Amino acid sequence: MSRIGKKPVNLPQGVSVKISAGNVVSVKGPLGELSQKVDPDITVKVEGDAVVLTRPTDNKRHRSLHGLYRALIANMVEGVSKGWVIQQELVGVGYKAEAKGQILELSLGYSHDIHFQLPNEVKVEAKTERKGNPTITLTSIDKQLIGQVAAKIRSLRKPEPYKGKGIRFVGEVVRKKAGKSASV
């Protein structure tokens, strides 16, 4: 039995789950509503204040789908109840970030500024503190979407291994290389 798949997804106060035709699971909460189509082989039931997923057989495909859809539904429940937050920091001299509505304006050491258009479901906040690195805070109810947006922003200037300059997640450790050593 899948260790992740067999655990029920507990529903917090104010969150409701509806399973419609075609095995589409809709989760509604105080922050919004998300829906996910589930494979027809996986059975989804709401029992009391928990969502339980079961699989028909023990073959490899069913085992993997069982854990996958349980994790996706758990992420949707947490998203509509608490929301997801990702913080990134810009490390480098002259690196700047400014949020103008749904457009994130980045100055990353290139010859031009980068204007990054964000989806409507993702909210952005850019903050620059004195004597500190600029910080970008992304918030959304959809974990998949916010992770994809954060990865796209990070890909604009990945942290390089010699000086550590670039866009990194807050708390991420970048392993530095020694660089050239002088020959004696």
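**Strand pairing and helix packing in the predicted model**

Strand β8 (residues 96-100) is joined to β9 by 5 bridges, and the two strands run antiparallel. The description given here refers to a predicted model. Within this pair, Ala99 has Leu104 of β9 as its bridge partner. The two strands form a hairpin in which 2 residues lie between β8 and β9. Gly101, located in the turn, adopts a positive phi of about 70 degrees.

A separate description applies to the sheet with the strand order β2-β3-β4, an open arrangement of 3 strands with antiparallel pairing. Because β2 (16-20) and β4 (32-37) stand at the edges and each has a single partner strand, one side of each is left without a neighbour in the sheet. On average, neighbouring strands of this sheet are turned by 20 degrees against each other, direction ignored. The antiparallel pairing of β3 (residues 24-29) with β4 extends over 6 bridges, and Val24 has Lys37 of β4 as its bridge partner. Helix α1 (residues 60-81) packs on this sheet, where it touches β3 and β4. The direction of α1 makes about 170 degrees with that of β4.

At the N-terminal end, α2 is capped by Asp142, a side-chain oxygen of which lies 3.3 Å from the backbone nitrogen of Gln144. The buried residues of the helix are Leu145, Ile146, Val149, Ala150, Ile153 and Arg154. These buried residues pack against five strands by name: β7 (84-91), β9 (103-107), β10 (114-117), β12 (135-140) and β13 (166-169).

When neighbours within four places in sequence are left aside, the contacts of Gly166 are with Glu89, Leu90, Val91, Tyr95, Arg157, Lys158 and Pro159. Gly166 and Ile114 are separated by 52 residues in sequence, and their C-alpha atoms are 14 Å apart in space.

Definitions and conventions: Residues are numbered from 1 along each chain as its sequence is written. This is a predicted model: local features need pLDDT of at least 70, side-chain atom pairs count only at pLDDT 80 or more; totals for chains, interfaces and linings use all residues. Side-chain values use heavy atoms; hydrogens and water are left out. Buried means under 20% relative accessible area, exposed over 50%, partly exposed in between (1.4 Å probe, protein chains only). Helices (H or I, at least four residues) and strands (E, at least two) are DSSP runs, numbered from the N terminus. Contact means heavy atoms within 4.5 Å. A polar contact is a pair of N or O atoms within 3.5 Å; within protein, one must be able to donate a hydrogen and the other to accept it, and residues adjacent in sequence count only if both atoms are side-chain atoms. Two strands pair if DSSP finds at least two bridges between them. Axes are lines fitted to C-alpha atoms, for helices over the stretch in contact, and angles run from 0 to 180 degrees between N-to-C directions.
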